[in-house]
Amino acid sequence: MTWSPDSWRSRPATQQAQYPDEGAVRAVVEQIRRLPPLVTSWEVEALRGELAKAARGESFVLQGGDCAESFDDCSPEPVAAKLKILMQMSLVLVHAARKPVVRIGRIAGQYAKPRSADHETRGDVTLPAYRGDLVNQDGFTPEERTPDPVLMLRGYERAALTLNFIRALTDGGFADLHHPEYWDLSFAKGSPHAESYERIVESIRDSVNFVASVANVDTHLMRRVDVYTSHEGLALPYEEAATRVVPRRPGHYNLSTHLPWIGMRTAQLDGAHVEFHRGLRNPLGIKVGAAMTSDWLARLLDVLDPDNEPGRITLIHRMGAAHVTKKLPELLGAVAKLGRQVLWICDPMHGNTETTPGGIKTRHFDNILSELEQSFTVHRDHGSELGGVHFEMTGEDVTECIGGARGLTEGDLERAYKSRVDPRLNYEQALEMAMKIAQHLRKRPNR
Ligand code: PEP
Ligand code: CO
């Protein structure tokens, strides 16, 4: 059972691009291999420590960002907007949970997507499916849909640019969120919760100002925040190219991201993705859908976390509002019985995707919230800890999900639907979601 960064190649690899020229793929992989890493092993180690704390209930994880980042959005406004909503949501959660919040973006590398079909047919033309900007282009021509390995290089570079900007912003006072103009609550006007949202923000502002004046720390320290990155570890040649040994630590690190996760479609026990990830020192996420069984999960944990290491595994459950109360308890029971210290977080997006009669992929705010609320309850009833949440969201004013205080309807979806894959919460919906979770967390007895 020896592992190497390329031992996945002897296993069946699903969801991979079919490149016309393998030589060109090897050349790109070699180039990426020589580039500096995007993150460092000590950051990765720090995140593992943070996740271990969250698993013990000492902190709360907020993971969020695009379903699929696009190369076009590698520009200042969208990146700053994503960071801003992540920061604001995290402040709302810190305040409600009375615990530190670990911020993890689906960002700086979330460029590859699993698809339900390998091909797409329009009329009498059939072409390879769009698999994310790391692989091919969204346009429906043979040129655009043919996987191009150079896009991996472009993706690595854009991830680096994105991360560089994030690091500069988070280091330079961007987190200084007590300015009133930072919080746009206009969407809540007229909603029955408007006042309660105002109070939450007011009280966050007060706390920030209070700490700053009493502790006299209106300085670098209070403004600097950590933001970690994550993406689905899907395109294996790319992930392999970013996997390295470092000078003073044993093992291999995937230094394209802090937290890679294994998606639901690639979690086969004997598959290439499980083989690849088992050898990494990074903490690992695993998506857990309604089809997951206790036995499958137990074996995944044996393979991916043989030492039951604190912080190693984050189980991201995404069952759907209609299934979570029925399906989750068995898995919680099985994992507890094995004595495993995993971190559980809830992705209330992916089990609640639906298609409108007009053929648009969407999600209802109320279903997303319902899955979250049920999840908190199921965990509490089973003596388990829901240690975080995972959202597909953007800092922009898109219209992709239905509902929320502004009451977006099916008819609004066409107005500003930008996602190429799954529908995201927009700025207002994401902030409102954080407020709803806050109301929920505050009702919980403090553990
Ligand atoms: C995703 O997170 O975008 C995704 C594809 O999720 P899942 O593997 O849970 O379907
Ligand atoms: Co998605």
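# A tour from a loop residue to the cobalt site

Start by selecting Asn308: with a relative accessibility of 23%, this residue counts as partly exposed, because the partly exposed class begins where buried, under 20%, ends. You are looking at a predicted model. Asn308 sits in the loop between α10 and β10. Check its backbone while you are there: phi is near 50°, a positive value in a residue that is not glycine. For background, most residues other than glycine have a negative phi.

**Stop 1: another positive phi**

Now jump to Gln15, in the segment before α1 (22–34). Its phi is near 65°, again positive in a residue other than glycine. Is Gln15 buried or exposed? At 15% relative accessibility, Gln15 counts as buried.

**Stop 2: helix α10**

Go back to the loop that holds Asn308, between α10 and β10, and select helix α10, residues 294–304. Colour its buried residues: Ser294, Leu297, Ala298, Leu300, Leu301 and Leu304. Then turn the view until you look down the axis of α10: these buried residues fall within an arc of 160°, so they line one face of the helix. The general rule to keep in mind is that an α-helix has 3.6 residues a turn, so residues three or four places apart point the same way.

What covers the buried residues of α10? Show the elements around them, and you will find that the cover includes the strands β8 (259–262), β9 (284–288), β10 (313–317) and β11 (343–346). The helices α9 (272–278) and α11 (324–337) are also part of that cover.

**Stop 3: Leu280**

Between two of those elements, α9 and β9, runs the loop that contains Leu280. Select Leu280 and you have a buried residue, with a relative accessible area of 2%. Display its surroundings next: apart from neighbours within four places in sequence, Leu280 is in contact with Trp3, Thr243, His252, Asn254, Pro260 and Arg312.

**Stop 4: Leu372 in helix α12**

Move on to helix α12, residues 365–381, and pick out Leu372. At 1% relative accessibility, Leu372 counts as buried. Which residues does Leu372 touch, leaving out those up to four places away in sequence? Show Cys346, Pro348, Val389, Phe391, Met433 and Ile437.

**Stop 5: the cobalt ion**

Centre the view on the cobalt ion (ligand 2). Four residues coordinate it, through Cys67 (SG), His350 (NE2), Glu392 (OE) and Asp422 (OD), at 2.1 to 2.4 Å. Along the chain, the donors follow the spacing C-x282-H-x41-E-x29-D. Cys67 lies in the loop between β1 (60–65) and α3 (76–97), and Asp422 in the loop between β14 (386–392) and α13 (427–443), so this pair ties together parts that are 355 residues apart in sequence. Both Cys67 and Asp422 are buried.

**Stop 6: α3 against α13**

Keep α3 and α13 on screen. They pack at an angle of about 10°, with their axes 8 Å apart, and that makes α3 roughly parallel to α13. On the α3 side, show Lys84, Ile85, Gln88, Met89, Val92, Leu93, Ala96 and Ala97. On the α13 side, the contact is made by Tyr427, Ala430, Leu431, Ala434, Met435, Ile437, Ala438, Leu441 and Arg442. Coloured by class, this contact of α3 with α13 has 14 nonpolar, 1 polar and 2 charged residues.

**Stop 7: α6 across α13**

Ser196, Tyr197, Ile200 and Val201 in α6 meet Glu432, Met435, Lys436, Ala438, Gln439 and Arg442 in α13. By class, the contact of α6 with α13 divides into 5 nonpolar, 2 polar and 3 charged residues.

**Last stop: Phe210**

Follow α6, residues 194–214, to Phe210. Is Phe210 buried or exposed? Phe210 is exposed, with a relative accessible area of 55%. Finish with a line from Phe210 to Ala52: their C-alpha atoms are separated by 30 Å, and the residues are 158 apart along the chain.

Technical notes:
Residues numbered from 1 in each chain as written. Chains lettered and ligands numbered in written order. Predicted model: local features only at pLDDT ≥ 70, side-chain atom pairs only at ≥ 80, totals over all residues. Heavy atoms only, no water. Buried < 20%, exposed > 50% of the residue type's maximum accessible area, 1.4 Å probe, protein only. Helix = DSSP H or I, 4+ residues; strand = E, 2+ residues; numbered from the N terminus. Arc of directions from axis to C-beta. Contact = heavy atoms within 4.5 Å. Donors = N, O, S within 2.8 Å, 3.2 Å for Na, K, Ca; no water. Axes fitted to C-alpha atoms, helices over the stretch in contact; angles between N-to-C directions. Parallel < 35°, antiparallel > 145°, perpendicular 65-115°, else oblique. Nonpolar A, V, L, I, M, F, W, Y, C, P; charged D, E, K, R; others polar.
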